Amino acid sequence: MDAGALFVLKSKGSWVHCGYHLTTSIVGPPLLSLPFAFTLLGWAGGVVSLAAAALVTFYSYNLLSLVLEHYDQMGRRQLRFRDMANQILGPRWARYYVGPIQFMVCYGAVVAGTLIGGQCMKAIYVLSNPQGTLKLYVFVTIFGCFMLILAQIPSFHSLRHINLASLLLCLAYSACAAAAAVHIGISSSKPKEYSLPGDSTEGRLFGMFNAIAIIATAYGNGMIPEIQATVAAPVKGKMLKGLCVCYAVILATFFSVGISGYWAFGDLAQGLVLSNFVDNGRPIVPRWFVLMTNGFTMLQISAVAVVYLQPTNEVLEGTFGDPKSKQFSARNVVPRVLSRSLSVVVATVIAAMLPFFGDINAIIGAFGFIPLDFILPVVFYNMTFKPSKRSLVFWLNSSIAVVFSAIGAVAAVAAVRQMSLDAKTYRLFANV
C-alpha cells in the first residue's frame with residue numbers, strides 16, 4: 001500500500017465508529033439550508049424531495065457497501081472511491097472523472113465548512129459587540145487557523161472521538177434551531193407566505209432544481225469507500241449498521257429543521273435558518289440561545305471540515321509520504337505538516353474571498369454529490385453483480401441512474417444560472 005492508504009486509512013474501527021464518521025460526513029450545517037430549499041419547492045415538493053433523497057441515498061450507500069464487501073471477500077479490498085472506479089469502470093474513468101469530482105466535492109466542503117465556521121464566529125461577535133467593526137474575512141481566517149491544528153490529526157480512525165462529539169453537537173443545534181423556529185412561529189403575528197418565488201414558470205422551475213441540488217448536498221457524502229476503509233476486517237454487515245445509526249440521526253434532524261423552519265418563516269427563510277433568528281441586529285429569541293446555537297454549529301462544522309479533508313490528506317500523504325519509513329518519522333512528519341497546512345491555507349483564502357454559501361452549496365451538490373452518491377453506486381452494483389435484465393433490482397438501479405442523471409444535468413444548469421444572477425452582488429472578501 002502507498003503511504004496514503006497505510007497511514008490515513010487505517011483499518012482499525014468498529015461499526016459504531018463507522019456510524020460516527022458517516023453521521024459527521026452527512027449531518028452537518030448544510031441541513032440548516034433546508035428551510036430555504038423548501039421555499040423553492042413548497043410544502044409538498046419539499047417534504048417529498050427530502051424523503052425521496054433519504055430513501056435513495058440510504059439505498060445507494062448500502063449498494064456501494066455491498067460492492068466493497070464483495071471485493072473484500074475476493075481478497076481485493078478497495079479503500080478509495082477512485083480504486084473502485086479503476087476496478088469497475090477502468091483507469092481513465094478513475095483518473096479523469098471520479099477522482100477529480102471526489103476531490104472537488106470534498107475540498108469544496110472544506111471551503112464551505114471554513115466559511116460557515118467564520119460566519120458563526122462573526123454572528124457571535126456581532127451579538128456580543130453590536131458596534132464591532134471586524135469583517136467576515138477576519139473570522140474566516142481565525143477559523144482557518146483552528147483548522148490548521150485539526151488538520152494534523154494523523155488518520156481518519158483518529159477522528160472517532162471527535163466525530164462522536166460531532167454527532168451530539170448536530171443533535172444539539174438541530175434541536176435548538178427547530179425549537180427556536182417553533183417559538184418564533186407561534187409568537188410572531190406576521191402573516192406567513194408559502195408561495196413559490198419567481199415571476200415566471202422558468203424561474204420557478206430553475207429554483208426547484210436549485211433546491212434539489214441543495215438537498216443533494218445535505219445528504220451528500222462522497223467518500224463511502226474511505227469511511228468503510230477505516231473498518232477492521234471482517235467488514236461484512238458493519239457498514240449497514242453504521243448507516244442505520246447515521247439515518248436515525250438524519251430523521252431526527254433534517255425533517256425537524258426543514259419543516260419547522262419553513263413553517264415559521266415561510267418564503268422568508270434565509271440560506272442559513274440561523275440568520276432568521278436575528279432581525280436588524282436584534283435577536284428574536286434570547287441572546288444566550290442564539291449564541292449557544294451558533295457555538296454548537298461552529299464546533300460541529302470544524303469536525304465536518306476535518307472529515308472532508310481526509311481524502312485530500314490521503315492524496316497528499318500518498319504523494320509526499322514514504323510507506324517504508326515510520327508514520328511519525330521526520331521523513332513523513334515534515335511533508336505531512338507542510339502539505340496539510342498549505343491545503344488548509346488555500347481553502348481559507350478561497351472561503352474568505354468568496355463568502356456565498358448558498359450558491360457554493362448548490363454547485364457542489366449538482367456537479368459532485370449527485371453523480372457520486374446517487375448515480376455511481378447503482379452503476380457500480382449493476383456492473384459488479386450483473387443482475388438479470390428482467391429483475392426488479394436491475395430496472396430500479398437503471399431508473400435511479402437515468403432519473404438522477406437528468407436531475408443532475410438540470411440542477412447543474414440551475415446552479416450556474418443562479419450564481420450568474422447573483423454575480424452582480426459578489427465582491428471579493430465581502431462582509432456578508
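Biologist: What secondary structure does the protein chain have?
Modeller: This is a predicted model, and its protein chain holds 15 helices and two strands.

Biologist: How does the radius of gyration of the protein chain sit against a compact globule?
Modeller: The two agree: a compact globule of 432 residues would come out near 22 Å, and the protein chain has 21 Å. The C-alpha trace spans about 65 × 60 × 40 Å along its principal axes.

Biologist: And how many of the contacts come from residues 24 or more positions apart?
Modeller: That's 84%, counting contacts with a separation of 6 or more. As for burial, 55% of the 432 residues are buried.

Biologist: OK, surface now. What share of it belongs to carbon and sulfur atoms?
Modeller: Carbon and sulfur take 68% of an accessible surface of about 17,900 Å².

Biologist: What about charges, how many positive and negative side chains?
Modeller: There are 30 positive and 16 negative ones, and the centres of the two sets are 7 Å apart.

Biologist: Are Cys120 and Cys176 buried or exposed?
Modeller: Cys120 is buried, at 4% relative accessibility. Cys176 is buried too, with a relative accessible area of 8%.

Definitions and conventions: Residues are numbered from 1 along each chain as its sequence is written. This is a predicted model: local features need pLDDT of at least 70, side-chain atom pairs count only at pLDDT 80 or more; totals for chains, interfaces and linings use all residues. Side-chain values use heavy atoms; hydrogens and water are left out. Buried means under 20% relative accessible area, exposed over 50%, partly exposed in between (1.4 Å probe, protein chains only). Helices (H or I, at least four residues) and strands (E, at least two) are DSSP runs, numbered from the N terminus. The radius of gyration is taken over C-alpha atoms; the globule rule is 2.2 Å times the number of residues to the power 0.38. Contact means heavy atoms within 4.5 Å. Accessible areas come from the Shrake-Rupley method with a 1.4 Å probe; for residues, only the protein chains shown count as cover. Lys and Arg count as positive and Asp and Glu as negative; His and the chain ends are not counted. The place of a charge is taken as NZ of Lys, CZ of Arg, CG of Asp or CD of Glu.
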